[in-house]
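Open the model in your viewer and keep the selection panel at hand. The stops follow below.

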Amino acid sequence: MIDDPFELNDEPAFEPAPVAPQAPPPWLSGLNPEQAAAVKTTEGPLLVLSGAGTGKTRVLTTRLAHILYQRLAPPWNVLAVTFTNRAAKEMRERLGAMIGPVSEQVWLGTFHALGLKMLRRHCDLVGLRSGFSILDTDDQNRVLKGLMELAHIDTKKWPPNIVMGAIQRWKDRGWTPDAVPPHEVGDIADGKALELYGAYQKRLIEVNACDFGDLLLHVLTIFQAEPGILAEYQARFRYILVDEYQDANVSQYLWLRLLARQHKNICCVGDDDQSIYSWRGAEVGNILRFEHDFPGANIVRLERNYRSTPAILGAASGLIRNNATRLGKDLRAAGSLSQETGDKVTIHGVWDGEAEARWVLDTAQSLQRNGARLSDMAILVRAGFQTREFEERFITTGTPYRMIGGLRFYERAEIRDAIAYVRLLSQPDDDLAFERIVNLPKRGLGDASVQVLHLASRAQGMSLLNAARTVLDTDELKPRARNSLRTFVEDIDRWATLRTTMPPAELVATVLDESGYLAMWKADKAPEAPGRVENLQELVSALEDYTDLQEFLEHIALVMENDTRAGVEDAITLMTLHAAKGLEFDHVFLPGWEEQVFPHRRALEGGLSALEEERRLAYVGLTRARRRAFVSYAGSRRVFNQWHSNPKSRFVDEIPAEFKEEDGEMGLTAGSHGMSESYSTWNGGWGKPSGKGTGWERRKAEEKAGQNWQVAKREPSKSGFARGDRVFHQKFGYGEVIAAEDDKLQIAFDKAGQKKVMAGFVKPADEV
DNA sequence: TCAGAGATGTTTTTT
DNA sequence: ACATCTCTGA
């Protein structure tokens with residue numbers, strides 16, 4: 001980083017503040033009194049409780065500008081921390097627009113990016129060498145799995161990702177392996193999780209890598225061990241700003257507290273009602289405890305909402321009022337939309353997920369006919385799997401859309417392979433990269449050969465690549481494998497030399513070509529192979545923007561940008577509720593408001609606090625809407641090829657009646673005769689797996705067997721079928737009716753599993 | 001060593 | 001339904 005003030009011996013001269021002008025500074029105009037207070041209270045700790053749509057970002061950027069304009073500190077003595085890259089980028093842009101290029105000098109970024117910036121500077125203190133890799137989830141699990149196998153821990157019984165989750169949570173709490181309290185260890189991995197954590201950390205150092213949690217944890221370790229370094233940062237950061245404080249985990253909190261200790265000018269902005277990341281270690285407690293943690297703190301509440309209509313706000317407020325643990329805060333409509341109540345939240349029931357997608361798109365089109373643009377609309381789903389039906393609908397109707405989230409470009413196998421090549425070039429110790437590509441494309445270096453290298457590597461305490469060099473001088477490998485390995489090592493060395501002279505894009509293109517990796521995919525006849533070749537080409541063109549390979553590697557590790565066709569002019573947005581935080585749209589669709597989907601099944605198992613977090617998520621969803629919100633729920637839904645019938649979400653009922661209108665369809669209207677009730681009791685809520693179910697379906701079925709099988713008693717419906725009837729379907733074969741509503745039947749087919757079909761498609765089995 | 005078949009687990013949310 | 005992992009025989 002060339003612009004890093006830390007690297008400069010002489011920081012630019014800094015002019016002290018001029019005599020304060022008489023008139024209020026122009027950048028404060030247009031702020032309401034609370035916002036102005038939040039901007040002007042620069043000294044001492046300050047907590048800004050800012051509800052949805054109350055101008056939080058504006059306050060943050062104005063506050064930054066205020067500090068800089070008033071010459072309270074030079075930009076390089078100001079730290080601004082965000083949670084997401086998007087927020088960091090937005091703040092950077094808005095700040096740049098206000099104060100110009102000097103904004104570049106502010107320490108502004110995500111916790112992880114800033115942690116990395118610090119860690120890069122002092123990495124030797126924790127045993128890392130410069131250019132260390134940052135592992136993604138997949139790498140992490142691989143490392144851990146290897147260690148578990150070494151320790152003879154059953155990876156079937158204890159899946160590495162579960163164990164990794166435990167380790168991650170420890171890291172989130174700021175615990176290094178020697179700091180984990182014994183009573184926190186539990187029985188994960190047969191009680192060996194802590195040992196694994198230690199081994200994992202050791203292994204990461206060996207391969208010169210760290211994971212996301214380490215970006216902060218290592219810095220904390222350094223601060224602890226080196227008071228001089230800590231003091232340097234403490235002196236540096238005269239003003240600290242923190243966005244989305246409710247999302248900070250303990251290690252982030254500790255990091256902030258240490259940095260703020262000297263000047264104590266820390267301003268945290270957050271909203272306890274929008275805390276939706278506790279599963280990732282975020283501690284709402286941080287925000288609730290602020291006054292205690294930072295004595296003498298001021299608190300400012302922003303409750304004037306400039307975003308939404310009173311109806312939307314009424315719906316959202318009514319909903320969130322059902323949460324017991326909150327600071328309590330009521331949004332008032334204050335913006336241009338506050339004059340009229342606005343349209344009520346539409347609640348709409350549909351038959352299944354497909355019908356839901358159809359209804360949403362139809363509604364979107366009619367809004368469009370009334371002058372709305374697609375780019376003013378968003379569909380916000382609870383979980384990734386819900387996007388599928390919408391995407392299909394987008395494609396069949398030719399509706400332009402952009403999706404945020406889902407599969408990330410840099411997580412695709414071919415991209416990770418290509419990156420592994422690059423990583424190995426810039427970092428010969430990266431055993432993970434070595435292992436990944438040593439036999440890719442096939443070089444006749446299979447498990448047996450790699451095993452030999454591992455032994456040599458362990459025996460001599462060196463990386464796999466270096467161990468390979470020594471093995472080449474022995475006869476441990478058969479000539480065939482040895483020659484192949486020699487070629488590979490020589491290739492790596494040659495490319496590593498090119499690295500210093502060749503631009504990154506050209507280098508990667510060369511490596512992919514000469515290694516035969518690209519050719520491997522070109523020769524592959526699998527239907528997805530051409531797409532992979534395309535992705536690799538895209539990778540090379542993405543590299544054109546970089547002159548420094550290391551910078552590129554960091555970029556893709558930290559900035560997992562994930563916005564398909566961001567440039568599309570007028571497109572509807574599809575994303576998860578989590579991804580939507582901080583955004584706003586005129587019209588918001590909120591599909592899948594069914595029990596088990598939203599609130600999510602896992603949350604329902606997780607007790608009250610998990611349920612409240614789901615409710616906050618619903619609150620976030622509703623408050624994204626400026627003008628209209630459309631909530632929908634489906635009578636049945638297919639998840640993993642398995643039909644489920646769930647009652648509509650409790651959150652629907654929690655929206656006050658005066659702010660919603662339910663337009664039912666097919667007898668699904670709430671409170672009307674029967675349908676939703678009968679749904680809730682079908683199979684106790686979850687479909688019965690038929691035949692050979694897989695995974696949790698099977699387990700779920702076993703759990704449920706014999707209990708909870710209250711099935712609605714039904715008279716034969718008007719179709720003439722009733723529960724228990726044997727039927728025959730042209731395509732699915734024989735089956736048994738599980739439930740019937742008018743002419744819609746839920747049938748467990750002997751072979752084809754559980755499906756819902758219209759009565760017209762089946763005959764009584766005895767008539768066939 | 002490897003290709004293909006079969007079994008298995010996955011899906012909440014993200015830096 | 002999907003992708004990935006594991007096993008098997010050539």
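Start at the DNA. Select Gly384 and show its backbone: a polar atom there is 3.0 Å from a phosphate oxygen of DNA strand B. That is a polar contact, a pair of N or O atoms within 3.5 Å; within protein, one must be able to donate a hydrogen and the other to accept it, and residues adjacent in sequence count only if both atoms are side-chain atoms.

A word on conventions. This is a predicted model, where local features need pLDDT of at least 70 and side-chain atom pairs count only at pLDDT 80 or more, while totals for chains, interfaces and linings use all residues. Residues are numbered from 1 along each chain as its sequence is written, chains are lettered from A and ligands numbered from 1 in the order in which they are written, and side-chain values use heavy atoms, with hydrogens and water left out.

Next, select Thr576. An N or O atom of its side chain is 3.3 Å from a phosphate oxygen of DNA strand B.

Helix 18 (447–460), helix 25 (577–580) and helix 30 (695–704) each give two or more residues to the surface near DNA strand B. Helix 18 has the largest share, three residues. Helices here are DSSP runs (H or I, at least four residues), strands likewise (E, at least two), numbered from the N terminus.

Which residues come nearest to DNA strand B? Of the 29 around it, they are Arg280, Arg382, Ala448, Arg602 and Phe640. Color the surface by class: 10 nonpolar, 13 polar and six charged residues. Nonpolar covers Ala, Val, Leu, Ile, Met, Phe, Trp, Tyr, Cys and Pro; charged covers Asp, Glu, Lys and Arg; the others, Gly among them, are polar.

Last stop: aromatics. The structure holds 21 aromatic pairs. Select Tyr517 and Trp521, an edge-to-face pair at 6.4 Å centre to centre with 85 degrees between the planes. Rings of Phe, Tyr and Trp (its six-membered ring) pair if their centres lie within 6.5 Å; planes under 30 degrees apart are stacked, over 60 edge-to-face, the rest tilted. Both residues sit in helix 22 (residues 517–523), four residues apart, about one turn of the helix.

Key:
A residue is near a molecule or strand if one of its heavy atoms lies within 4 Å of it.
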